[in-house]
Amino acid sequence: MCDERARMLQDQFNVSLNHVHALAILVSTFHHGKHPSAIDQKTFGEYAERTAFERPLTSGVAYALKVTHAEREQFEREHGWTIKKMETEDQTLVQDFLPESLDPAPIQDEYAPVIFSQETVSHIVSIDMMSGKDDRENILRARSTGKGVLTSPFKLLKSNHLGVVLTFAVYNIDLPPDATSEERIQATVGYLGASYDVPSLVEKLLHQLATKQTIVVNVYDTTNASSLINMYGTDVVDTGLLHISSLDFGDPQRKHEMHCRFKHKPPFPWTAVSASVAFLVITFLLGHIFYAAISQIAKVEADFCEMMELKVRAEAADVAKSQFLATVSHEIRTPMNGVLGMLQMLMDTNLDANQQDYAETALASGRDLISLINEVLDQAKIESGRLELETVPFDLRSVLDNVLSLFSGKTNEKGIELAVYVSNMVPEVVIGDPGRLRQIITNLVGNSIKFTHDKGHIFVSVHLANEVRGPPDLMDEVLRQGLNLVGDLSNKTYNTLSGFPVVDRRKSWECFKTLSSTAVEEPDMIKLLVTVEDTGVGIPLDAQSRIFTPFMQADSSTSRTYGGTGIGLSISKRLVDLMCGEIGFVSVPGVGSTFSFTGSFERGKTSSLDTKWAQYKPAVSEFRGMRALVIDKRITRTEVTRYHMQRLRITADIASSLESACSYLSRTSKTSLSTCLAMVLIDKDVWDKETGLTFHQSVKEHRQNCSVGSPLNFPKIFLLATSISATERDELKSSGLVDNVLMKPLRLSVLIACFQEALVSDKKRLVNIEKPSLGKLLRGRKILVVDDNAVNRRVAEGALKKYGAIVTCVDSGKTALDMLKPPHNFDACFMDLQMPEMDGFQTTRRIRCMENEVKEKIASGEAPVKMFGDVEDWHTPILAMTADVVQASIEECKKCGMDEYVSKPFEEEQLYAAVTKFFESG
């Protein structure tokens, strides 16, 4: 605290010192630098008085001129007064006396008479400052050093305070900083002095501090260490706790100090004692806490080390589990590949009905086993974080058609209506993982079929998430009907697909964050909402909380009614999470269940689709512009039929009964429509024989009025049925009441085949739409099969020969290297991955190295092209085939130079997708 006071006093003095120095420069510039002088006593006095606020600590300022003895007479004549001597040697420039009573200055070499002064000290004008002892010393030191110098303390008469005089030499030229004393003395023309009231200066400082009353301050001149001069403060009893701070007033020869002490002796330090005791207690407590913390940290570190060890063990166990699953998968799938392949080959031979049935049953059971293995491995890959999604363009509607094809037989057997609807707002092509999307929908539809008996329906609908957020008037009819579950009490039916009650689908997505969020989606991204609705038995309330838990079922007892592993929904939820979506459900026992999930996809372009997705385009153009009449009493089911018609570019009109359809035909036959009615689709629920005869007569009349002479006899009549006996079908067709019966679920391939048969003439009919033909791609192709397992070689050979390929089999990678050394005549190679000595990865790398060497030789001219069969760019398509679906990923295969990937046993669709990239259909 004393250091702070000393610093503040020193700073204030230095500010005042700078202003005095500036006044000295002013005199040098305007008095000695101007001829005639710009300053006289009046000007100096007024200026000094007006700028006194800049020097609040000074009593007065005055300027004394340097006058030599030779110049004295001339000087006195010019000023009209005699240079006076101080009355005593210790007189100062601030003492109060009459100059007229003073004696003339005695003869000496040099004088310093005051010629300018502030009004407060005007009485010292004409007094020789060199005649005072302290003032003379100050003047001599100031002019030789070029700095401000201080006198020893003296009493100011008016205030009786001790003060000091600060003196600056005034030079007539600008001197360099390193000028010598002689140069400075030679250039001196006068001296500017200022007196300071030190006690007033200190009082002002202490006034600014709040602790003035408790702290005693003394300021001493300590130039003479043996005799200190007290410049401020009174002598007080030593109360201890003295603190001394040095003061620097700019004069190195004068030393000053500030002493600070408390005014009273400090009382007994009870506070300090208490604080010390408290400190000891706190230290003890902190020590105890620190010891406890150290102990706890040691325990945590031990627990952490134990946890890390357990983590390492768990990771090792997870790796071991994954390796075990991969090994088990390979070991199970390898013989299963032989079983399924041989069964498929057996079914291609001449079998009687019983033998064919046995073979089909065995094949179906084997495929179920493979499906179970795949589910378990999917769960393992998801748990280990190894499952990644593809990003490819695909036709969503075709994917849903594939799902319908998979379950159509089961639903027809049970008499359950299965239908799919996709909103017009959903793009034709989206970019994502079609296989995983199909897997989710297949799991949900499979569960619905399992838990739905002999009534009701299963309805899959796809909309954009934005459609659900919009107002009802902007929704399509299917979504509006699904959200407005109003029953027809007269017929005891509901406005659903089958008329049976369903749960409120809104509750299945009400907790979805994406549907309640207002965040703006990226322009190319869409969020799909897929809903699977059924009228099954529902999920018990106590089981709904664990429905997405792996290997958990609503009924997990050994005597449960429904089979399954209980991991389908768990896998579906994980896949939905990977698609940045959410999944939820609502279920009421005895009414049914509805599952909904969202997924993020990118908008795609139709041109980016693979060729197999565009297989129906010629047929679609065949039906473009036709008109159809759909007769159905269910609004939702009518919209589903209209959706399939729109896919064929057929315009559909709606009638709710056969009677209203008759009125429609009567009405349209009398109007000139641009196109006549091409077909009538009647749902079996509205068909009855009596009304059917009347309707058939109306159709005949419409044919005569609309297209007389037409060989096709438009419109054709199709009956839509979920289940119908063969006898009833034959009876309807033979009676001529209908032209054909269409079995639900409706899907594009079935509709095209049926409509082409009925609507297109033999001359105009396009080639029937067939499944992708592997025979056209593989016929005559020379294929090399590399596999160390003899059964697998036989199966692969049989499967490829079935489609007309010329197959050569080898049992090792080394043999394959010799066979595929350019030049060779193989069109492709199917390579097993896990083989002894040299696996498929190493073999492929070696083959690619050989091909690159050939390319370099041809490019450099080292070898002629004819030497390698006139082929410059040698690259044999190599397709990986393996039963290990965990380790053998597409990325790993492509890293070593493989072109595609097929899993064993071969599936026709997957095999077609792989080879169509390399071969053109013949």
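1. Which exposed residues does the face of helix 2 turned away from its buried side carry? This is a predicted model, and in it that face carries Lys-42 and Arg-50.

2. The buried side of helix 2, which spans residues 41-50, is made up of residues including Phe-44, Gly-45 and Ala-48. These residues lie on the same side of helix 2 because they cover an arc of only 95° around the axis. An α-helix has 3.6 residues a turn, so residues three or four places apart point the same way.

3. A patch of negative charge on the surface brings together Asp-40, Glu-46, Glu-49 and Glu-119. Glu-119 belongs to the loop between strand 4 (114-117) and helix 4 (133-145). Glu-119 counts as partly exposed because its relative accessibility is 48%, and that class lies between the limits of 20% and 50%.

4. Salt bridges number 29 in the whole structure. One of them joins Arg-647 to Asp-401, with 3.0 Å between the closest N and O atoms. Arg-647 is part of helix 17 (residues 635-647) and Asp-401 is part of helix 9 (residues 396-414), so the pair ties together parts that are 246 residues apart in sequence. Both Arg-647 and Asp-401 are buried.

5. Asp-683 and Arg-637 also form a salt bridge through their side chains, at 3.4 Å from N to O. This pair links distant parts of the chain, 46 residues apart, with Asp-683 in strand 24 (residues 677-683) and Arg-637 in helix 17. Asp-683 counts as buried because its relative accessibility is 2%. Arg-637 is buried as well, with a relative accessible area of 2%.

6. A further salt bridge is that of Lys-917 with Glu-900, whose closest N and O atoms are 2.6 Å apart. Lys-917 is found in the segment after helix 27 (908-915) and Glu-900 in strand 31 (residues 900-903), a pair of distant parts of the chain 17 residues apart.

Notes:
Residues numbered from 1 in each chain as written. Predicted model: local features only at pLDDT ≥ 70, side-chain atom pairs only at ≥ 80, totals over all residues. Heavy atoms only, no water. Patch = residues over 30% accessible without salt bridge, like charges linked within 9 Å, V, L, I, M, F, W, Y side chains within 5 Å. Areas by Shrake-Rupley, 256 points an atom, 1.4 Å probe, with all protein chains shown as cover. Salt bridge = Lys/Arg side-chain N within 4 Å of Asp/Glu carboxyl O. Lys, Arg positive; Asp, Glu negative; His and termini not counted. Charge placed at Lys NZ, Arg CZ, Asp CG, Glu CD. Helix = DSSP H or I, 4+ residues; strand = E, 2+ residues; numbered from the N terminus. Buried < 20%, exposed > 50% of the residue type's maximum accessible area, 1.4 Å probe, protein only. Arc of directions from axis to C-beta.
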